[in-house]
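Q: Hey, I'm new to this one. Can you walk me through it bit by bit?

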Amino acid sequence: MLKGALLGSLQWLAAHQEEINNLNVFPVPDGDTGTNMMLTLQSAVEDIRDSPATEVGKIAKVAAHGSLMGARGNSGVILSQIFRGFANAVQGKSVVGPVDLGLAFEEAANFAYRAVNKPTEGTILTVAREAGRAAVAAGREPKATRVDVMKAAARAAREAVERTPTQLRILREAGVVDAGGYGLQVMLEGMLQSVRDSGQVMARTLPKPGSAAQAVLDLPEEGWGYCTEFLIKGENLDVEQIRAEIAAMGNSVLVVGDPELVKVHVHTDDPTKVIAAASSRGALERLSVGDMSTQHKRIREQNGRPRPEAAGAGNGAGPAPRRTNGLGMVVVVAGGGLAEIFRSLGADEVVEGGQTMNPSTEDMLKAVERVDYDEVLLLPNNKNVVLAASQVKDLTGKRVHLVETTTVPQGITAAVAFNPERGAEENAAVMREAAANVQTIEITTAVRDTRHNGKEVRKGDVISLVNGEIAETGDSYSSVIEASIEGLNLDDYELITIYQGAEVQEKEAEALRESLSQRYPDVEVELLAGGQEHYPYILSVD
């Protein structure tokens, strides 16, 4: 029943993935909530699919471990904590009745609250708590069934989601409900649809063959085949059509982008077919195909960890010179130029990810395990990656020191402050201090209409985020950048570094550098090739 409930939950979440993504209040290309939750839940379902366990407690523990390994973004990490709380509550139980099930839902929420330093009401946490309370009350009713408990939890979750705009001003302004909370509601409704009072899996209407939801559910017995990733460059690319085409060829599908650039990630048994289909759409870049069959069959023991990959695997840059302090560095970043910058500053491993594709906890764990040091500094460089990165230290025998960088400029400034002669604690402290002193300006184009902090934002507007908050909007990169810099007190700063995105021509970027140099003669302005997608310019003000 539990396995069926989780599979039904994944089905329903996959069907509502884009709907959840569209609830994001920030109009920027992002690691969307629906995608992150779906990939996190998919990891849990993959693990229980392969597990021989037949007891509720053991199945729940396997699912919790799988969700933690696959956790992506803040919503995915919180979801993994919900799984862990549920697993703790049913530990050692072979059968769970209505009362125990209600208490497990409640402990799931309590555990997630405890895992977050500053819980915010009006989010997935609130929805989990209200669902847990309703589940406990329903489980204690005379003649209650487990399905009664699920009904009560799903109903309470829906009501809690509807109240989220009254609890968070940012939701009220944007006119949406909380995306993570709605994702949890959808999961609970999927669980409810998948079981009968008898505990048997219901015959349910599956998504149409070839749809993204169907692709997620077709979990192959022999592994995922080949992890295939690439970029498609072209003109007038139809993202939705490409997504539908790729979804018909594999699993774990993620297709994001715009009419000029589309990123594709898919697990498929026939990468040649995928590549051929994509080639007809445009020029392919950064093609990567990896055999996942052996990886998928890894031993899943209780409290087990994925095996480290073979020495030399990873970013392909080769090992950094051996350091006398025995301290390694792992960073998360997307963009060839930015990756090379971090490597030149001492990064041993670069995990590709950030905006639009948040890496999983397991991705970062594997990178940490590959580093040839017993102590490792970990720089997430994105606010949506910090929480997943914070889970790594509990999954490895190495000592991991998290430097909580939330932007790429913070990460680069922190890496500059790294000293191979200092110990781990001192390095981490100095790097955090350095990161706190840099101002970050990120330039992108709004992907949806919204209202934020009193500002009306329309799809297609050029917008700036200064230290993560929407600051300026306009119709050109240069005007928005200049307005954003004007909002800072440049008397306190000496250097503006422009990181040029993949879609920006060098001539255009150089013209911006020259313009800023003339406008601010007392500040040094430098231009570096970042190669990042979706953000034409990222600026660091030091």
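Q: What order do the strands of the open sheet of 4 strands have?
A: The order is 6-5-7-8, and the pairing is parallel. Two strands count as paired if DSSP finds at least two bridges between them. This is a predicted model, where local features need pLDDT of at least 70, side-chain atom pairs count only at pLDDT 80 or more, and totals for chains, interfaces and linings use all residues. Residues are numbered from 1 along each chain as its sequence is written, and side-chain values use heavy atoms, with hydrogens and water left out.

Q: And which are the edge strands?
A: Strand 6 (349-352) and strand 8 (399-402), each pairing on one side only. Strands here are DSSP runs (E, at least two residues), as helices are (H or I, at least four), numbered from the N terminus.

Q: How many bridges join strand 7 to strand 8?
A: 4 bridges join strand 7 (residues 375-379) to strand 8, and the two run parallel. Leu377 stands opposite His401 of strand 8.

Q: What does helix 16 lie across?
A: Helix 16 (residues 361-370) lies across strand 5 (327-333), strand 6, strand 7 and strand 8, at about 165° to strand 6. Angles run from 0 to 180 degrees between N-to-C directions, with axes fitted to C-alpha atoms, for helices over the stretch in contact. Contact means heavy atoms within 4.5 Å.

Q: New topic: at what angle do helix 8 and helix 10 cross?
A: The axes of helix 8 (residues 146-167) and helix 10 (residues 179-193) cross at roughly 155° and come within 9 Å. That makes the two helices roughly antiparallel (under 35 degrees is roughly parallel, over 145 roughly antiparallel, 65 to 115 roughly perpendicular, the rest oblique).

Q: Which residues make that contact?
A: On helix 8 they include Val147, Met150 and Ala154, and on helix 10 they include Tyr182, Leu188 and Leu192. By class, the contact has 10 nonpolar, 2 polar and 3 charged residues. Ala, Val, Leu, Ile, Met, Phe, Trp, Tyr, Cys and Pro count as nonpolar, Asp, Glu, Lys and Arg as charged, and the others, Gly among them, as polar.

Q: Okay, strand 9: mostly covered or mostly open?
A: Mostly covered: 6 of the 7 residues in strand 9 (residues 439-445) are buried (under 20% relative accessible area; exposed is over 50%, partly exposed in between, with a 1.4 Å probe and protein chains only).

Q: What does strand 9 pair with over 5 bridges?
A: Strand 16 (residues 537-541), in the antiparallel sense over 5 bridges, with Thr440 opposite Ser540. Strand 12 (residues 462-466) also pairs with strand 9 in the antiparallel sense, over 5 bridges, and there Glu442 has Leu465 as its bridge partner.
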